[in-house]
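Please read the points below beside the sequence and the model.

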Amino acid sequence: MELAVVARRLCGPLTGVGRYLEYLLYHWGRTDSPFRRIVVYAPQAPSLEPGTITGRVELRVAPSRLPPLVWENLVLPLRMGRADVTFGPYTLPWRTAGIAVVSNLGIYESRPEDFTWSQRMRTVPFFRRSAQRARLVIANSDSTGRDLVQYLGVDAGKIRVIYPGVDDVFRPRGGDRVPERLARAWSLPEGPFFLFVGKLSKRRNLPMLLDAFGRLRRERGTPHSLLIIGPDYQGVNAPARIAERGLQGAAFYLPFAGRDDLVEL
């Protein structure tokens, strides 16, 4: 059997869904599987950690300058052929032959106020089509599973909840201070710190986080700094929010950090 993996989310700097897919590929290449071959399709060479692609996993780049979702529906079906099973996070090509499996890590419709009309129109129809078309839908939580049933009309009987795992390298290493190397590189204080990692979407409530952090400093004299890491694709504007609350020198924003830096933090 052959498994085809839709991997447009591996391109560019990897964030949550890209990392999720990267780790799946890493472990699929090192564990027993009913698939004799796992073929990963991407529109450009992905930014993967060395050694991710190994064993029965192979990468095929189908280059295109089209937007990723357009590539997935126009270019990919011509290059992919007919696999026994096709898997993708969130979306699959509109016309997918064979058995389809899709994973979903949270949908927009449960919090429509957090996304623009255009964002929802570009994505929700593909989320719905992919989940309804799939033989199996993998949800990252019971909450996501319920949302898939309520908002996308997915048959509850084909949803399986599989919680995201944690790589063994992400373990406390002792101490509670910003690592000296990163403090120098990013001009951060070397004292204790709180860490937020994720896209700055509205549903992640960055203003509330900053308000809570400010209260801790005012009311309890907490010595910690706050480090916020993640791309701002919705115009949340973390530096402006920090300045509004007078938290310069206490809260810091970085658009991206590599895996080694995150492990060290």
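1. The largest nonpolar core holds 27 residues, and Tyr41, Val137, Leu148, Leu152 and Val154 have the most contacts inside it. Such a core is a set of buried Ala, Val, Leu, Ile, Met, Phe, Trp, Tyr and Cys residues joined through side-chain atoms within 4.5 Å. At least two residues of this core come from each of β1 (2-6), β2 (37-42), α2 (68-80), β5 (99-104), α3, β6 (136-139) and α4 (142-152). The largest share, four residues, is supplied by α2.

2. This is a predicted model: local features need pLDDT of at least 70, side-chain atom pairs count only at pLDDT 80 or more, and totals for chains, interfaces and linings use all residues. Residues are numbered from 1 along each chain as its sequence is written, and side-chain values use heavy atoms, with hydrogens and water left out.

3. On the surface, Leu66, Val70 and Leu74 form a nonpolar patch with about 240 Å² of accessible area together (Shrake-Rupley method, 1.4 Å probe; patch residues have over 30% relative accessible area and no salt bridge, and nonpolar side chains are joined within 5 Å; a salt bridge is a side-chain nitrogen of Lys or Arg within 4 Å of a carboxyl oxygen of Asp or Glu). Leucine 66 sits in the loop between β3 (57-61) and α2.

4. Serine 187, not a glycine, has a positive phi of about 55 degrees. Serine 187 belongs to the loop between α5 (180-186) and β8 (193-197); helices (H or I, at least four residues) and strands (E, at least two) are DSSP runs, numbered from the N terminus. Serine 187 counts as exposed because its relative accessible area is 61% (buried is under 20%, exposed over 50%, partly exposed in between; 1.4 Å probe, protein chains only).

5. Asparagine 237 also has a positive phi, near 65 degrees. Its place is the loop between β9 (225-229) and α7 (238-244).

Notes
Patches are made of residues with over 30% relative accessible area and no salt bridge: like charges are joined within 9 Å, nonpolar side chains (Val, Leu, Ile, Met, Phe, Trp, Tyr) within 5 Å.
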